[in-house]
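Hi,

Here is the structure I promised to pass on. Have a look at it first, and then read my notes below.

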Amino acid sequence: MASSCSSKAGSPHPLASTRRKATPKIVLLLAVASALALWASTSTLFWARLEAASRIQNVPINAQEILAQCISLRAIPGPPQDFHSREVSDRYEPGTNATLIKNAMIFTGEKNGSVVIHGNIFLDKGIVKSIGKVPQYVLDRAGPNVTVLDAKGAWVTPGLVDLHSHLGLLSAPVLAGATDLNAVHGPIEPWLRSIDGFNTRDDSFELAIAGGVTSAQVLPGSGNAIGGQAFVIKLRKTSEGSPTSMIIEPPDTFTGSKSRNDKIRWRYLKQACGENLRRYGNRMDSMWALRSAYNEARKVKHAQEAFCAKAEAGLWDTAGNIFPGDLKWEALVDVLRGRVKITSDCYEVVDLDDVVRLSNEFEFPIASFQSASEAWLVPELVKKTWGGAAGIALFATNHRSKRESFRGSEFAPRVLADAGIPVIMKSDHPFMNSRYLLYEAQQAHYFGLPANLSLAAVTSTPATIAGLSHRIGYLREGTDADVVMWDSHPLQLGATPVKVWIDGILQIPVPSKTDAPTNVEVGKGKEDDEWREEPDVPNWDKERKEAIKWEGLPPLGSKHKKSIAVFSNVKTVWTMGPDGYVQAAFTANAEEEMGTVVVEDGQMTCAGTSCIALVEGTDVIDLHGGSISPGLMTFGSSLGLEEIAKEPSTGDGQPYDAFAHNVPDILDDPGAVLRAMDALMFGTRNALTAYRSGVTLATSSLGKAYYLDGTGAHVISGLSATFRTGAAHAMEPEAIVQDIAALHIHIGRPHPLIGEGVSVSTQIAALRRLLFGWETKAKETGHWFRKAAEGVVPLVVEVENADIMAMLLILKIEVEDTIGSRMRMVFSGASEAHLLAKEIGDAGVGVILRPARPFPSTWDQRRILPGPPLTNDTALVKLLDHGVTVALGVREAWEARNTRFDIQWAVLESNGKIDRRQMHALAYTNLPKLLGVREDEGESQRAVDMVAYDRGGAFDFSSKVVAVISSERQQVDLF
Ligand SMILES: *[C@@H]1O[C@H](CO)[C@@H](O)[C@H](O)[C@H]1NC(C)=O
Ligand SMILES: *[C@@H]1O[C@H](CO)[C@@H](O)[C@H](O)[C@H]1NC(C)=O
Ligand SMILES: *[C@@H]1O[C@H](CO)[C@@H](O)[C@H](O)[C@H]1NC(C)=O
């Protein structure tokens, strides 16, 4: 300390410029003191002389305060020494009963998630008091109010930690009045604090807790290079009810408590890179903005150090009595002191490289790179982050929606883990629903991340990255009592919380506000032991190596096999039956009786145990007990119409919206009814990935999904086309299955943020006019709407809100009465359809639930039926109960690949209410039926492509697709 004091004192005074007046006297004193210090430092009598010098100084009245402030600059973030001996959590709510959970499989999070304890866990005073074998004296100390629960071997994990959330900043349903995500006043805004916009009126809290999420880092948006300070909160409503009381470790300045000089609390900051910052220039501008900001902070830090060096040496006359600080830069000064956990949203290698350089130039660590799509391609770069590798937070399969994420990979978590880099799975809520954070971990596991690290990626790893491992993300004695009990192994698809506690307070089941029962059935049908086991997952070593070799863009084509292909060890073959239902053409009764399937020119010519003799000498594809079943179809996204959703030059461009502009004369059609077929693009990565996941057909319309961040939908979305996802181009045989499937429109309220769009009443008035046939048949618009009115083509209406659906049902009756027809109306989206389940069923209207699991993004969607553990029924169950033909859809093209898991999940959360026949209808027949695809029944049997799955069935986490058998294309595609 002495040497730093002397050397700083001898250099030009960093404070000189910030002091109000530098009178000649002060300057003189300064010079004398500096000279004195310089001389003193070389002298062995330094301390003695310094003491002498201080005797003649004017000690300011606030000297104690200043010295305390100087000491606090050296405080290290972390829990105070006595944290681990706490008896009662500061978050404890008096009156909360203690809880003893007996006989549980406890994932503790310890040792990279590899420590699992079979035993009991005891929660009291907001803390995990004991784990494993709970001693009697610990129970006795809790007093009489202990709730005892037998977990019967169920899995228990720490509450999930979502390291990337915008909860409360972009609240559900999104309304202009409560959107506090991105400030727009400049690229650098470290003085902003997410807590200042954190709204507790967000429907997402309860939904996220229902998914087992108990804490989240609430980040400002990515629209700024520095978007502001973040806070880690717990999701439960506190008795105080304020946003501040939800912060896990609020800064002392928030609570008014006196600062402890030994330890301070971690702070959090949001940075971003790349495309999101276009508002303020290009990448070079962003990096200069960051460097100049940190340079300002560095000046303040140096000034403080110089000031404290003098004050602590007692050189008050030169130090003065004003602590040099700047409220604008203080957060960044703390970054330079290593006291801030930075979340940096950076996708591409160039962005990662920029920020790694920044961290080394200014010497501060980065806690995590989020959305880091290309980090897996440069692990050595990530390790060069100042102070050690940043954690990498990712989506599992949400890639390719912008250029930055084009090289994102499902294999990235495994590759990064292999390189020793901490992996976190995140939601970016509400861009992905935080409720399904665990699904991200499940998919990471499916694609090769070890089970322990997959669960750690949503519990202990993010908690450690946030510097909060003493409280959250782990179950050990002394951590906060945030606990989830699951209905299955948490890595099993569809795992659902049976119970959730936060700070020892039961959140799920939701306590009743009325006399009505709130006990919801969860996990019926998962009683077998196999559900308690970690799921078997495929081996992806070959695919992962290819992905690395091709830097994220491995070829996705297939080998075509024309003549004979043989599949051995086949457990089941499902084919389309003559009644339009799927039936088992072959099922092995036992391990020894696995079947063989022979395919010639794409036709299955033999399936069973007696085929082998026919094919000696041919290459045989071993399915290891797998199955063959019809290909799936996807609907609802722009699959096949664009490569990268946010890059206009990779798609069809903007169609004319007849409700916003006059359609140009050249089209000579008032409604500009366009054909998706004219815009088809083959070989997009999303289409090929879907193909390799068993989705052999897609029906796409020109209707754009309604994005929260801007794009609204057109009213008239044209005519959809159905095509083969695996085809190379439109002129390949059978590439286009149906050039016109259905007529599509969108009826909805204005976009909450951009506010554009004509009124609902205008939209319905136009629809009425068109359906009544008042537009000339000689033009496309009149022609196709008349066909829709007559029931010749389905009319698919993208609609979310039940009031609008009711109007459409009424309009349908009017049209049918007038024309004497039977319209084929379908509601797509349909978040609120369950409210009209009976009426929709009576009207014979079909429903495509899109997305498969609802979220109240907009006002029109707010009355969702969330399903277990919040409600017994899901929308799907309710609609099926009323005889509605229901299918599932997706919103974005990357989602198409997950179709088979969406179906399985929907069935699992029905608590056994959906039988196999209904499941097969949901998977294979309802969607084509609703969209008018393959109407000619005679054709249907021959037309359906078949998919071969290795090591399991179409809907299992254990299986992967190895081949597509196409009788129409007379070939087998091998992957
Ligand atoms: C125990 O629970 C009862 C009933 O809820 C309550 O009246 C009582 O105050 C509780 N006792 C303690 C020590 O919390
Ligand atoms: C707390 O425990 C007491 C005594 O076992 C019980 O009567 C009471 O219902 C419990 N309260 C809650 C909220 O579970
Ligand atoms: C949910 O279903 C179960 C079992 O049928 C029933 O006991 C319970 O009361 C239902 N819950 C609600 C809220 O309706």
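How many salt bridges are counted between domain 1 and domain 3? The count is 1 salt bridge (a side-chain nitrogen of Lys or Arg within 4 Å of a carboxyl oxygen of Asp or Glu). In one such bridge, the side chains of Glu-410 and Arg-897 meet at 3.0 Å, N to O.

Some background: this is a predicted model, where local features need pLDDT of at least 70, side-chain atom pairs count only at pLDDT 80 or more, and totals for chains, interfaces and linings use all residues. Residues are numbered from 1 along each chain as its sequence is written, chains are lettered from A and ligands numbered from 1 in the order in which they are written, and side-chain values use heavy atoms, with hydrogens and water left out.

Now the domains, whose bounds come from an automatic or database domain assignment. Domain 1 is 160–532, domain 2 is 555–631 + 944–975, and domain 3 is 632–942. The C-alpha centres of domain 1 and domain 3 are 36 Å apart. Their contact (heavy atoms within 4.5 Å) takes 47 residues from domain 1 and 38 residues from domain 3. Together they bury about 3,700 Å², with 65% of that on carbon and sulfur atoms (buried area is the accessible area, with a 1.4 Å probe, that two parts lose on being put together, summed over both).

Finally, ligand 2 has Asn-97, Asn-145 and Thr-147 around it (near means a heavy atom within 4 Å).

Cheers
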